[in-house]
Amino acid sequence: MAIVGLLLVTSVSAQVFDKNIQKLQLTYQLISSLYVDSVDNQELVEEAIVGMLKSLDPHSVYISADEVAAMNEPLDGSFEGVGIQFNIMDDTLMVVNPVIGGPSEKVGIRAGDRIISIDGDNVAGIGIKNSDVFKYLRGKKGTKVDLTILRRGTSDDLRFVVVRDKIPLHSVEAAYMATPKTAYVKISRFALNTYEEFVEALKSLEEHQFENLILDLRGNGGGYLKAAIDIADELIDKNKLLVYTEGLNSERREHLARKKGLFEKGNLVVLIDEGSASASEIVSGAVQDWDRGLVVGRRSFGKGLVQRPFDFPDGSMIRLTIAKYYTPAGRCIQKDYENGVDAYHSELDERYLHGELSNVDSIHFDDALEYKTKVVGRTVYGGGGIMPDVFVAVDTSMYSDYYRDLIASGSVNRMILNYVDNNRKDLKRLYPDYKTFEEGFDVNTSLVDLLIEEGQNEQVEFNKEEWDVSRQLAEAQLKALIARDLFSPSEYFQSINPISDAYQKAVEIVESKRDYSQYLK
């Protein structure tokens, strides 16, 4: 919504300017006219806007014109470009994978190709950065980009002319059968195309006649309200309240399930953690309040505020909180933000320090915020995230400083990229599909040695004691990363999930009628 139009309605129509607005205008005029040094008027105005919004809540923010496009891209579900996943390795731009069906794949660009020039400009060995790559490769649909590529096994440079097109950004990252009876779907964010991807994922698994569903919303920071409502509608009976919003200047607005969904019957588990926020909490809250399924994991982030964008003529915008959302039982799960923005964003660190992530007894709710679920009448709480029905502590048993440093230094990703690049042909021949890879590929000593050597090259000294602690986790992640490079992100999750305690608990509960029903009493 344009802010100019809003101001005309709320202020000009009254033909009266608030005294506080007059004070703000006078301050700006005094600075512009009388201040001792020159000032950047645009920066002055933007700082004033930021200052006003900072006194409200942590999610009311000003976004500059330059930041708006970058912010919207993951939620819009697409961008325009050449369609490659890339990495910068040894100061060289390497194609990790071309997007399936994208313009680069259509002209024959392959995983492992090294881009050495773009539109005649050398990009190898010059210290190119990710931001530079975006400027070179992204552009309007229909425009052309000239790429010169170095390909392993080919003596001459290869030239490709790629016509930019719309490139989808997928938010449903995985969909597979966890067991013969249980489907698993991972959603990383709630974007414009998330609902369609979710429906497509469920339909792609219909042939397996699954009886149970695990919906993984761990780490999903939210997105569009409508996407959350549409997905909840596929899980909950028609005409049931899914969520409602209400604010001081916003009337109550209810959102109901409006159709027969794809999975309204059958055991359902929703996985959440402290990174699950906003739209993720709408879905998990609706499932929990209607006793439709079980929520498993750790307490969610606690964002129950609704933002509305207001556009300025220069392309910048304000995202202003206009309402709170409430679960079907009437819970607002917004956590406290009275102590300021810094305290609000460091609250997750406080949970860790207080032991909440590892011990359910460390979590305390205000009895005044107690609610009852709509069908069974189980006790649930508002005022600080969705508390799962089944708590699963964070697993730190495989954590070590050494493995953390390997990841932080980029050694893990770099070693995997090199390994797959050097062995892609043999790997594809030995493992033409994920099933053969999962059954036949093992992380052997030579692969581990490559990782240790890569770490040492980055000044990460080998620590045998700490490596032994992290070995199971490291080997699982190495195999999963190779699976992702050979196949897709879905195979990454299929490979890594079995070492997750929360995932194992979800499978255990959803497959047991006795265990599942006892939690819903």
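Here is a short tour of this structure, stop by stop.

Before you start, note that this is a predicted model, in which local features need pLDDT of at least 70 and side-chain atom pairs count only at pLDDT 80 or more, while totals for chains, interfaces and linings use all residues. Residues are numbered from 1 along each chain as its sequence is written, and side-chain values use heavy atoms, with hydrogens and water left out.

**Stop 1: helices 2 and 3**

Select residues 19–34 for helix 2 and residues 41–54 for helix 3. Helices here are DSSP runs (H or I, at least four residues) and strands are too (E, at least two), numbered from the N terminus. The two axes come within 11 Å and cross at roughly 150°; axes are lines fitted to C-alpha atoms over the stretch in contact, and angles run from 0 to 180 degrees between N-to-C directions.

Now show the side chains of L24, Y28, I31 and S32 on helix 2, and N41, L44, V45 and M52 on helix 3, which make the contact (heavy atoms within 4.5 Å).

**Stop 2: helices 13 and 15**

Move on to residues 411–430, helix 13, and residues 445–457, helix 15. Their axes are 9 Å apart, at an angle of about 130°, so helix 13 is oblique to helix 15. On helix 13, pick S411, V412, R414, M415 and Y419; on helix 15, their partners in the contact are L447, L450, L451, E454 and G455.

**Stop 3: the largest nonpolar core**

What has the most contacts inside the largest nonpolar core? Select F198, L215, L235, F441 and I482 within this set of 94 residues. Such a core is a set of buried Ala, Val, Leu, Ile, Met, Phe, Trp, Tyr and Cys residues joined through side-chain atoms within 4.5 Å. Helix 16 (residues 464–486) gives the largest share, ten residues. Apart from this core lies another, of 16 residues, including L93, I109, I115 and V123.

**Stop 4: F198 and V172**

Center on F198: beyond its neighbours within four places in sequence, F198 is in contact with V172, V185, I187, L215, I231, E234 and L235. Next, click V172, in strand 10 (residues 172–179). Is V172 buried or exposed? V172 is buried, with a relative accessible area of 14% (buried means under 20%, exposed over 50%, partly exposed in between, with a 1.4 Å probe and protein chains only). Finally, draw a C-alpha to C-alpha distance from V172 to T194: 6.6 Å in space, though 22 residues apart in sequence.

Methods. Angles under 35 degrees count as roughly parallel, over 145 as roughly antiparallel, 65 to 115 as roughly perpendicular and the rest as oblique.
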